[in-house]
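Here are my notes on the model you sent over.

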Amino acid sequence: MLQRIHHWLSPKIAVSYLIAVAAIVSPLWFFPLMSAVGFHDKQRVVEVSCTVFTAIFIAIWLVRNDVASRLHNALLIKLLAVFFLLGIISSAHAYSSRHAFFEWANFLLLFMISYVIALEIAIRGEASLDQILRLCGLGCGFYIFIEIISYIAILVVGHQSPNEMLIFGFDNYRFFNHVQTITLPLLGLLIYRSNAGKEKIFAWGVTSVWWALLFVSAGRGTSIGLLAGICAALFYLRKDALPWCRLMLWTALIGLGVYLLFYVLIPLALGLQPFGFLFSVVGRTIENPDSSRWPLWMRAWEIMLARPWLGAGPLHFAHFGRDIQGGAHPHNWVLQIACEWGIPALLCLVAAIAIGLKRLLSIHQYLAPTDIKNHLTLAAWLTTGVAILMDGLVSGLIVMPTSQLWIALYIGCAWGWVVSLTPSRAEARLQLFMPVRACGVIVMLAAIYFLANGLWPEILNLPLYEEQSLQRDLYANPAYRPRIWLGGYF
């Protein structure tokens, strides 16, 4: 059975590598799709391309195979099945089913991306995981190279540029912070899993500069999420997590030094003000502690109370919250699922997350005391998972296309790693009979249709859609609030 799957998941079709590359190049898409299209919309196209490819891949796999590797916990899969079933019922009753079904299909196929990545890592072992981490390091390194060019250009001009210009490739620098919430622990893990010499030095350098960029953008949600994740790893793993905590501390301190040198001292020496948002973070926090989230949270709460069972429909906060002009999503993943998918769906999702975290932590019992590399890998997975959950309580982490791809990649890597270390887990078989396989193919084809229908016809003229969706005749100073596209509202 594993030989059949291994043949199908040949090196020529490494979905995990393709997804990693797509997530890396997503903010670096220099080629314009059409005039006046922002980074967010191009990133959405990249993400949807990945999900459609995965749906086709799985459909072909179901046609060609009658067995699958049992990677899952039965209860977890049942909970997710109920979650998606409730989501599709909610979508059918939504104000705009076209938009709701898009969100449903996107979430489903992101989960399937995680499954395929987990399957590849469970079969190929740590070599596949290490290659994904190397791709992450190389991608972040290339992004840093572009940031260096932008930094030099700003210094050459000699004028005080807006701080927003310091972060390249995102319509809002906070979207970059969402990506950092996942990638910073991955880069830290790369350090420990790299070979000694130039490879390890490179990993240290990229991770430290990645911290420096976090100080530049002063991402509070990312910082709090990472701190909570590191504390959770230390609390659960105790002394086994100490090397991981020291690593994250040292790279953060080096990153702070890089920030102070290049973004504070050098600009001051040139007669400019310090670059970045770090020195204003205290004032911003005192002046606006909830970052204008409170009206969004209250609207989400109102929607949830009005529609507790099925919610307003996936993605529909973008419709019912448009008069607030503060965001097309509530900047809180719990409230988002509750008000859009319904409270029962939220409970299913929370239970599935709890089971997944419990399964992750249970791997500790299989690790030898001397197995430092896997202890640190477990600490990195726990840190990332907690960071995502915490940052997602105050941000659009689960909404933006690039961070969605990184979350799917993280779940797949952690899932596959857990399976690979669980005795006999990757060898277990799950028989897929013809009706099950046929239903799976139908679901994948339906998901592709829902994605296409959700993007059409706006994708034909995104600048015009953005003009229309901002409703300039209703609001004096409308702002771009992305959800599917940069236009945001519908």
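1. Ground rules. This is a predicted model, so local features need pLDDT of at least 70 and side-chain atom pairs count only at pLDDT 80 or more, while totals for chains, interfaces and linings use all residues. Residues are numbered from 1 along each chain as its sequence is written, and side-chain values use heavy atoms, with hydrogens and water left out.

2. The core. The largest nonpolar core has 157 residues. To count, residues must be buried Ala, Val, Leu, Ile, Met, Phe, Trp, Tyr or Cys, joined through side-chain atoms within 4.5 Å. Buried here means under 20% relative accessible area, exposed means over 50%, and partly exposed is in between (1.4 Å probe, protein chains only). The residues with the most contacts inside this core are Tyr143, Trp210, Trp244, Trp381 and Trp406. Helix α5 (residues 97–124) gives the most to it, with 17 residues. Helices are DSSP runs (H or I, at least four residues), numbered from the N terminus.

3. Tryptophan 244. Take a look at what surrounds this one: leaving out residues up to four places away in sequence, Trp244 touches Pro185, Gly188, Leu189, Tyr192, Ile230, Ala233, Leu376, Ala379, Ala380 and Thr383. A contact is a pair of heavy atoms within 4.5 Å.

4. Helix α2. Which residues of helix α2 (residues 15–25) are buried? They are Val15, Ser16, Ile19, Ala20, Ala22, Ala23 and Ile24. These buried residues pack against α3 (39–64), α5, α6 (126–157) and α17 (401–421).

5. A salt bridge across the chain. A search of the whole structure finds 11 salt bridges, each being a side-chain nitrogen of Lys or Arg within 4 Å of a carboxyl oxygen of Asp or Glu. In one of them, the side chains of Glu458 and Arg98 meet at 2.7 Å, N to O. Glu458 sits in the loop between α18 (434–455) and α19 (462–469) and Arg98 in helix α5, so the pair links parts of the chain 360 residues apart. Glu458 is buried, at 13% relative accessible area, whereas Arg98 is partly exposed, at 22%.

6. Arg193 forms a salt bridge with Glu126, with the closest N and O atoms 3.3 Å apart. Because Arg193 lies in helix α7 (residues 173–193) and Glu126 in helix α6, this bridge ties together parts that are 67 residues apart in sequence. Arg193 counts as buried at 8% relative accessibility, and Glu126 as partly exposed at 26%. Glu126, Asp130, Arg193 and Lys373 are linked in a network of salt bridges.

7. Glu302 is partly exposed, at 42% relative accessibility, and Arg299 is buried, at 19%.

8. Aromatic rings. The structure holds 25 aromatic pairs. Rings of Phe, Tyr and Trp (its six-membered ring) pair if their centres lie within 6.5 Å; planes under 30 degrees apart are stacked, over 60 edge-to-face, and the rest tilted. Phe39 and Phe168 form an edge-to-face pair, 5.5 Å centre to centre with 70 degrees between the planes. Phe39 is in helix α3 and Phe168 in the loop between α6 and α7, 129 residues apart. Elsewhere, Phe83, Phe84, Phe101, Trp104, Phe107, Trp341, Tyr449 and Phe450 form one aromatic cluster.

9. Charges over rings. The charged end of Arg238 sits over the ring of Phe235, 5.2 Å from its centre, and that of Arg307 over the ring of Phe320, at 4.7 Å. The cut-offs are NZ of Lys or CZ of Arg within 6 Å of the ring centre and within 35 degrees of the ring normal.

10. Glycine 229. Is Gly229 buried or exposed? At 0% relative accessibility, Gly229 counts as buried. Gly229 lies in helix α9 (residues 220–237), and its C-alpha atom is 6.4 Å from that of Thr384, 155 residues apart along the chain. Leaving out residues up to four places away in sequence, Gly229 touches Thr383, Val386 and Ala387.

11. Glutamine 336. Gln336, in helix α14 (residues 333–341), is buried at 2% relative accessibility. Beyond four places in sequence, the residues Gln336 touches include Glu103, Phe107, Trp341 and Arg483.

How values were computed. Helices (H or I, at least four residues) and strands (E, at least two) are DSSP runs, numbered from the N terminus.
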